[in-house]
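Q: I have a model open and want to go through a few parts of it. Can we take them one at a time?
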Amino acid sequence: MRTTSHIRRATLALSVISAILAPTTPALAAEPPPRADLRADVDRDGRVDVAGATDDAGEDTWTPARGAVVLPNVDDDTKRCPTTDPRGRPLPDARLAACNDASDTQVNGTPDAADLARVRSVPMKGLPSSAVGTLRVVGGAKNTRVFVRRAGGWAWVNATTRLTAAELRAGAEFGVEVTDVVRDPALWGGRSVLRLTVTSGGRTTSDDVTLRAAPLLTHHHLQSARQMLVTKVTGTDDFARRQQAFVRGLEAEARAAGVTAPLFTFDRYQDIWAQDFVEPGYVSMTGPGGHRQVIRVMLRSAQPDRESGRELFERLRGKGIGVVQVSGVRESEEWTLNSMGNLETIPPYTHAGRSFPAGRIIMGERKDDGSKPARAMRTLLQAQGFQDPLLLDTSWLHVGHVDEFVQFLPAPGTPRGWRIGVADPEAGLRLLRDAQKAGHGGTRMFSVPGAKDLPAPRETIDQALASKWLVADNTMAAQRIRANLEVLKRETGVTDAEVVRVPALYTRGTEHGERGDRVPRLTRLGAGNVPESVSEYGQQKRLAREGGRATGPGQSVMTSAYVPGAVNGVLLGQDRYLAPKQWGPVIGGEDVFTAAVTAAYVRAGLKVSYIDDWATYHLGMGEVHCGTNTLRDASAAWWQR
């Protein structure tokens, strides 16, 4: 026993000595407290990744190709916005524009919730119950609203909102909207920066994420037509009946082209120029499941005194559709250039180091006197950062709109997937000269039938070619169109092989020229206005609209379509085009202008149909395109091509 005791004591002593001599082993370090980590849909795939790193890298920056997107929530999903005051009086324009889904602190139902960009916090496991979190908008706060999803639904996040430890452990979900489109980068560039701050055990951690407002984009012709818009004139007089027939014809043509949505008709203000008081656009982001969440945005023309724009708020705004208008337009700014017929969009392209994946806007300016579209509108369009407006010279046109001479046509299989269509006055003159040489100079220039209130023009091909204006004016028009085409070719890289030239003719209307503005409804002509010559026909067209302004010194001769302008038509399908009925000279049973126009479009791969717009639009210095509008497909990602 004693021996055993000695052995035990010796073993214990050795153990103590070994412990003293052995190197010190550090204790296991305590696990650091979790840090705040806020995530948004940076890669734009429709989900917020809180487990991996796909939405972590680059979350504090934003580029056209990568970065979280938030919608300007300017629609009215529940139709709650009033258009009249409690006494039934129409609200002023500013009040109409001030109301939308982003103008309150509520999420207005499931459709409104779908318009919110999702932001999530990464779950903070092991967070003590004393922890608390806050979410603040530290960039773009004036234009940004945030909601947090809780058991009772979406709750507005304000200065007093606190996130509980339980919410932070589970990971909080936020919904974000911005209250307006970007209008002027000097005031707000569209960025919203959110900061999550978590305090626990006296330690504070925070994380930021950046979102940017989706750009307001205009449609281009590679996007398929989804719905047609047109004004329907009420009444039973001759003009009303003709215009109602136009509406019925448009509806039938749209249906035949596969446009299934019913025709939308404006009817409150009798402004027949449905192209001019609004430009349909859209904002979009990727929603859950990868589908595009789209709000259509009707961009009202910068013409505050044009009442027809009010109908956009009164009847068109609603679920998935919002309206935006600019303010601060000076009276001195050119009224007619602010019509939206003066805004078209080149389809997507890349050239000379510049890329426009959503297309590029063109607008007309009057270089002869320096007139341009309203600065507020140009600033808004440029501020979107994607469709930098390109200005073309429309000094030579009475109305001054780009849709009077240029268009863009789908062209599958070509380098860009589209072609430029331009009016070709030289081809128009050739048609008349060829007919004259063939002995048809005595043929009536126009085959349009007359009516008691609107007699047909009587001039012949010989008389047209003998006029002191027609040849000179169309030679001038051809030069101006070529100059504008050179600008488009330089900017886009388009070659002559990608240009569709469509026969056309223009007329100045009066000896000295006169600048005209389209007005809501044409002034009908009296039975005594029988045009005997080119000059009287031009005078008839001038009388078909009210107002106008005389041409001053140094200003160009200004023209409008003599034969209905075929390029001023509507693309109803990727291979279906609706043009104004030509009513040209009929020789051998064939309208020579119709035959030539059809041949031009058929060579470009399009099927052409025609609709009569002579009395309804042509005499008012416009055509089919001027009197209609189109909502197009917006499902493609605007940051890709």
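Q: Which residue in strand 8 stands opposite Thr134?
A: Thr197 stands opposite Thr134. The model is predicted, so local features need pLDDT of at least 70 and side-chain atom pairs count only at pLDDT 80 or more, while totals for chains, interfaces and linings use all residues. Residues are numbered from 1 along each chain as its sequence is written, and side-chain values use heavy atoms, leaving out hydrogens and water.

Q: How many bridges join strand 4 to strand 8?
A: 7 bridges join them, and the two run antiparallel. Strand 8 covers residues 191–200. Strands here are DSSP runs of E, at least two residues, and helices are runs of H or I, at least four, both numbered from the N terminus. Two strands pair if DSSP finds at least two bridges between them.

Q: What is the strand order in the sheet?
A: The order is 2-9-8-4, in an open sheet of 4 strands with mixed pairing. Strand 2 (68–70) and strand 4 (132–139) are the edge strands, each pairing on one side only. The twist averages 35 degrees from one strand to the next.

Q: Switching to helices. At what angle do helix 8 and helix 10 pack?
A: About 150 degrees, with the axes 8 Å apart. Axes are lines fitted to C-alpha atoms, for helices over the stretch in contact, and angles run from 0 to 180 degrees between N-to-C directions. Helix 8 spans residues 425–440 and helix 10 spans residues 470–492.

Q: Which residues in helix 8 meet helix 10?
A: Pro425, Glu426, Leu429, Leu432 and Arg433 do, where contact means heavy atoms within 4.5 Å. Their partners in helix 10 include Leu470, Ala477 and Ile481.

Q: What lies nearest the centre of the largest cavity?
A: His221, Glu279, Glu344, His625 and Arg632, out of 18 lining residues. The volume of that cavity is about 220 Å³. Strand 33 gives the largest share of the lining, 4 residues.

Q: What volume does the largest pocket have?
A: About 370 Å³. Asp180, Val181, Arg183, Asp184 and Leu187 are the closest to its centre, of 14 lining residues.

Technical notes
1 Å grid on protein atoms, 1.4 Å probe; cavity = no way out; pocket = protein on both sides within 12 Å on 5 of 7 lines; lining within 4 Å. Points joined across faces, edges and corners; volume = space filled by probe spheres on them.
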